[in-house]
Amino acid sequence: MASAGSFGRLSLLLALSLCSALASTVPGEAPRRFWIEGDAFWKDGARFQIVGGDVHYFRIVPEYWKDRLLRAKALGLNTIQTYVPWNLHEPEPQSWEFKGFADIESYLRLAQELEMLVMLRVGPYICGEWDLGGFPPWLLTIEPALKLRSSDSTYLFLVERWWRVLLPKVAPLLYENGGPIIMVQIENEFGSFGDDKNYLHYLVQLARRYLGNDIVLYTTDGGTTNTLKNGAILQDDVFAAVDFSTGDDPWPIFRLQKKYNLPGKSAPLSAEFYTGWLTHWGESIATTTASSTAKALKSILCRNGSAVLYMAHGGTNFGFYNGANTGQTEFEYKADLTSYDYDAPIKEHGDVHNPKYKALRRVIHECTGTPLHPLPADIERASYGLVKLQKVASFFDIFDKICDPLKVAVSEQPLSMELTGQVGTYPNVWVSTVCVGIPRKRSLQHPINSKGT
């Protein structure tokens, strides 16, 4: 039994601790926190409605990052969503790129500077009409062949090696750590691809290892029973968001969403509200009407649902980073355009003086009460006129000047681009190791490689 003096000292210590805690809290302000409760989002003690939009840093030249984010803010958005393409940041094994276009930390800090929150989609697979869904092409050169997006031990080793670099850069920028990131997405629409729950559980454990247990992790899947069943990670308390065709009645889908979230953890969120659509080579430019898009958004926001515009600003697939889709069969190859305008409200060149931007802006203001900020001025454009090309030399005349003869390979069979070291190129991330090709084979040695080398 403790003595009376011990109780007195204990009371004093508790009182001092309480005073210290109160002194460290600004009067009238709740602790910095973002969470889901009562089927709603909460931020710093108050209910919060996500009105977001995808604006991908890697589809905009860094000089225009701030301009595009300001246009998104003037639209009425409070949150930005962006993918993180693995192939941009690790173009060659363990060759890391985080400068220029790839300076994700500067982009996230800029969003915070402009008082915008961030939903970060770290993959490792992102889709996004991006080359190989964001996977580095050198993954395809490893033998035995990897089984991507699966519990393949070699693949998981490489994912962990990548996230071991990426996630520590992200952790200081989480909302609870003073940054803008309120949610982090695991994989992307995995329910449309497979049902390997062990793979998804592994990704959750890996994310928690570096990001902690307080950050809201989420998945995004189509709003159907099959896709949610395969893609949701209910057991790990990962929030399951949905996407669906613009114009579909969202509320039956949001009710279905609740079945794949823990009780009270199903805030209605369309994580990809489609403002337009992508275009493949040979197709007419895809467009959607401003009125139908605005009507569909209103049906979500005016009933206190949340939505992320995909895209708020599409931008450009620079270099050879444009992806491709399949058609009716997997053998039907449909390459995406270099332009990723997406018929989004903020056009590829930054224009906001268009019917779709104005219609969505009105709906956001009507449903959320967000003040209408003045529309940013359009960026001045110049006409360069007719550009005349003049032949200077034949490719075969300069072949020996642009190729290292020691790195040219001869093969009896055509080689894939991946085997010749050719990958997507960026203005300041140029990776091209050979001109004709070296049929290289990579092998890995690591503790969890059960395949050998």
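Residues are classed as buried under 20% relative accessible area, as exposed over 50% and as partly exposed in between (1.4 Å probe, protein chains only). The structure is a predicted model, in which local features need pLDDT of at least 70 and side-chain atom pairs count only at pLDDT 80 or more, while totals for chains, interfaces and linings use all residues. Residues are numbered from 1 along each chain as its sequence is written, and side-chain values use heavy atoms, with hydrogens and water left out.

With a relative accessibility of 17%, Tyr-125 counts as buried. Tyr-125 is located in the loop between strand S6 (117–121) and helix H5 (153–170); helices (H or I, at least four residues) and strands (E, at least two) are DSSP runs, numbered from the N terminus. Beyond its neighbours within four places in sequence, Tyr-125 is in contact (heavy atoms within 4.5 Å) with Leu-132, Gly-133, Phe-135, Arg-149, Glu-187 and Asn-188. Asn-188 is 63 residues from Tyr-125 in sequence, with a C-alpha to C-alpha distance of 6.3 Å.

Helix H5 packs with helix H6 (residues 197–211) at an angle of about 30°, the axes being 9 Å apart. Axes are lines fitted to C-alpha atoms, for helices over the stretch in contact, and angles run from 0 to 180 degrees between N-to-C directions. H5 and H6 are therefore roughly parallel to each other (angles under 35 degrees; over 145 is roughly antiparallel, 65 to 115 roughly perpendicular and the rest oblique). Residues making the contact include Tyr-155, Leu-156, Val-159 and Trp-163 of H5 and Tyr-199, Tyr-202, Leu-203 and Leu-206 of H6.

Helix H9 (residues 290–301) has twelve residues and spans 16 Å from its first C-alpha to its last, close to the expected 16 Å, which is 1.5 Å times one less than the number of residues. Its buried residues are Ala-290, Thr-293, Ala-294, Ala-296, Leu-297, Ile-300 and Leu-301. These residues cover an arc of only 165° around the axis, which puts them on the same side of H9; the arc is that of the directions from the helix axis to the C-beta atoms. On the other side of H9, Ser-291 and Lys-295 are exposed. Elements covering the buried residues of H9 include strand S10 (269–274), strand S11 (306–313) and helix H10 (355–368).

Leu-269, in strand S10, is buried, with a relative accessible area of 0%. Residues up to four places away in sequence aside, Leu-269 touches, among others, Phe-41, Met-119, Phe-254, Ser-306, Ala-307 and Val-308.
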